[in-house]
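Here are some notes for a colleague who is opening this entry for the first time. They are set out as numbered points, to be read beside the structure.

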Amino acid sequence: MKLPSLLEAKKRTTKKVEYLDYNNNPSLFGLNKKYYLKTYGCQMNEHDSENIKGILESVGFNNTDVMEDADVIILNTCAIRENAHNKVFGLLGRIKHFRESNPNIIVGLMGCMSQEEVVVEEILKNYKWMDFVLGTHNIDDLANVVKKCMDNKKLQIEVYSKEGDIVEGIPVKRDSNITAWVNIMLGCDKFCTYCIVPYARGKQRSRTKESIINEVEELKEKGYKEVTLLGQNVNAYGKDLYDDYDLANLLEDVAKTNIERIRFVTSHPWDFTDDKIISKYKNVMPYIHLPVQSGSDRILKLMGRRYTKEEYITLYNKIRENVPNVSITTDIIVGFPTETEEDFKETLDLVCTCKFDGAFTFIYSPREGTPASIMKEQVDENIKSKRLKELNTLVNKYSNESNKKLLGTIQKCLVLGVSEKDDTKVMGYTENMKLVNIDASKDTIGKIINVEITNAKSFSLDGKLVK
Ligand code: SAH
Ligand code: SF4
Ligand code: F3S
């Protein structure tokens with residue numbers, strides 16, 4: 001049994017990252033058995049889930065969408081905010097109930113929550129009936145852990161609180177055959193004072209350029225149209241591995257594979273140098289997610305973000321001026337400890353200045369073990385909710401305005417599937433990442449088509465195919 005430790009997870013040393021190869025488990029012990037997987041959290045977790053599926057299917061399991069039919073149930077969890085926790089424990093309660101009539105079902109917790117001491121303590125106290133907890137550092141051990149649980153029904157806890165290494169060649173079962181996630185780096189060393197990610201995901205470590213480019217080339221050969229390069233701070237790519245190779249170089253090499261569309265998330269303003277703004281390659285898409293978190297310099301400092309409101313706006317304007325048709329979205333937290341009405345006004349002011357194409361807004365949620373969680377003046381929940389509402393009204397106004405600007409224009413859209421709103425239509429994304437529900441036949445799925453924008457709402461556009 002290996003339990004998580006926040007103290008260990010916090011450590012950063014100069015120890016070199018190990019690059020390992022996936023050690024295959026050849027036995028097909030999952031044949032005629034099904035797994036159910038539920039995923040919470042960010043794109044990184046979604047991509048981890050594609051690895052979880054890949055591993056389970058490589059040992060014979062089949063996927064099911066019906067939890068009650070599964071032999072193995074896995075929750076791939078997120079720890080970023082408290083409500084993510086509550087949802088998972090709520091679902092575990094339900095699972096416990098129907099597992100009573102079928103005690104052979106294997107139930108496992110994976111993802112960022114499994115890296116938290118408080119969560120594992122809770123499981124050891126109140127959820128002893130579960131079968132395994134497997135941390136983010138050893139997804140590659142999943143087949144062995146499930147096998148062990150099937151052979152011997154005892155709670156297995158395998159959570160390493162370490163800086164982390166990189167395992168290449170983990171099986172992957174992708175959710176789409178049009179667009180694919182590609183990790184370019186793992187972990188985070190920024191330690192923003194509110195955030196659990198550096199503890200849950202280990203240190204910032206880059207994959208080698210060769211393995212990334214190979215993966216993109218393979219995807220292109222298989223017919224994929226788009227890749228999204230993933231990392232918590234993609235602008236810091238390569239810093240830990242190369243002296244003279246960074247995100248700008250990587251984007252250039254990935255662009256040269258001639259895959260049709262390349263995206264990258266998330267950008268931290270800190271490492272955003274000019275050469276990363278301007279790409280001469282047409283297949284690098286004009287969309288940047290640039291989280292700001294707050295408009296108040298005092299709060300930004302307490303958050304440990306290392307830029308001022310002014311510096312953020314300067315960078316923001318530089319991107320707008322240099323990237324034609326770019327759209328820029330952001331993340332904002334309201335109610336960080338000590339946030340006053342004045343601080344909040346600064347955030348509203350920043351939103352008015354930047355006029356973001358979209359923003360993900362969050363109420364600050366204290367995460368145990370992070371410095372912000374023990375700051376004295378936590379903001380009252382009612383005030384947090386009031387601020388969130390006010391902020392959302394403003395944010396929606398600007399995303400609506402930005403969408404309206406596209407009315408009547410022709411946009412190139414990559415069609416990903418049938419529209420969720422109306423199954424006689426298809427849905428896709430513009431180059432600058434706007435969701436469009438399109439009047440076009442299903443034959444267009446997987447293709448890049450010209451679409452005339454006919455209607456603009458706050459969160460999506462409507463359009464029709466034009467030749
Ligand atoms: N690496 C990215 C963000 C990853 S987490 C970056 O630094 O830009 C996604 C978003 O969740 C963050 O941008 C932040 O807005 C939000 N978030 C993180 N921790 C939070 C917390 N404790 N409470 C509320 N929101 C949080
Ligand atoms: Fe969290 Fe900050 Fe790292 Fe983003 S940069 S993952 S907010 S610590
Ligand atoms: Fe992502 Fe949530 Fe973990 S946002 S990195 S799944 S804490």
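**Notes on the model**

1. Three strands make up an open sheet, and their order is E14-E15-E16 with parallel pairing. Strand E14 (287-289) and strand E16 (358-363) are its edges, each pairing on one side only. From one strand to the next the twist averages 10°. Please keep in mind that this is a predicted model.

2. Within that sheet, E14 and strand E15 (residues 327-334) run parallel and are joined by 3 bridges. Ile288 has Ile328 as its bridge partner in E15. Helix H12 (residues 381-404) packs on the sheet, where it touches E15 and E16. The direction of H12 makes about 175° with that of E16.

3. Gln378 deserves a separate look; it sits in the loop between E16 and H12.

4. Strand E17 (residues 410-418) pairs with strand E18 (residues 426-430) in the antiparallel sense, over 5 bridges. In this pair, Leu414 stands opposite Tyr429 of E18.

5. Strand E4 (residues 72-77) is mostly covered, with 6 of its 6 residues buried. In a regular strand, side chains alternate between the two faces of the sheet. For E4 both faces are covered: Val72, Ile74 and Asn76 are buried on one side, and Ile73, Leu75 and Thr77 are buried on the other.

6. The partners of E4 can be described next. Strand E2 (residues 34-39) pairs with E4 in the parallel sense over 5 bridges, and Tyr36 stands opposite Ile73 in E4. Strand E5 (residues 106-111) also pairs with E4 in the parallel sense, over 6 bridges. Here Ile74 stands opposite Gly108 in E5.

7. Which residues have the most contacts inside the largest nonpolar core? They are Ile184, Val227, Leu229, Tyr237, Ile262, Tyr312 and Ile319, in a core of 53 residues. Apart from that core lies another, of 35 residues, including Val119, Ile123, Tyr127 and Tyr199. Ile184 touches Ser206, Arg207, Ile212, Leu229, Leu230, Val234, Tyr237, Leu247 and Leu250, residues up to four places away in sequence not being counted.

8. Around ligand 3 are Cys42, Asn45, Cys78, Ala79, Ile80, Cys112, Arg201 and Gln232. This shell divides into 5 nonpolar, 2 polar and 1 charged.

Notes: Residues are numbered from 1 along each chain as its sequence is written. Chains are lettered from A and ligands numbered from 1 in the order in which they are written. This is a predicted model: local features need pLDDT of at least 70, side-chain atom pairs count only at pLDDT 80 or more; totals for chains, interfaces and linings use all residues. Side-chain values use heavy atoms; hydrogens and water are left out. A nonpolar core is a set of buried Ala, Val, Leu, Ile, Met, Phe, Trp, Tyr and Cys residues joined through side-chain atoms within 4.5 Å. Buried means under 20% relative accessible area, exposed over 50%, partly exposed in between (1.4 Å probe, protein chains only). Contact means heavy atoms within 4.5 Å. Two strands pair if DSSP finds at least two bridges between them. Helices (H or I, at least four residues) and strands (E, at least two) are DSSP runs, numbered from the N terminus. Axes are lines fitted to C-alpha atoms, for helices over the stretch in contact, and angles run from 0 to 180 degrees between N-to-C directions. A residue is near a molecule or strand if one of its heavy atoms lies within 4 Å of it. Ala, Val, Leu, Ile, Met, Phe, Trp, Tyr, Cys and Pro count as nonpolar, Asp, Glu, Lys and Arg as charged, and the others, Gly among them, as polar.
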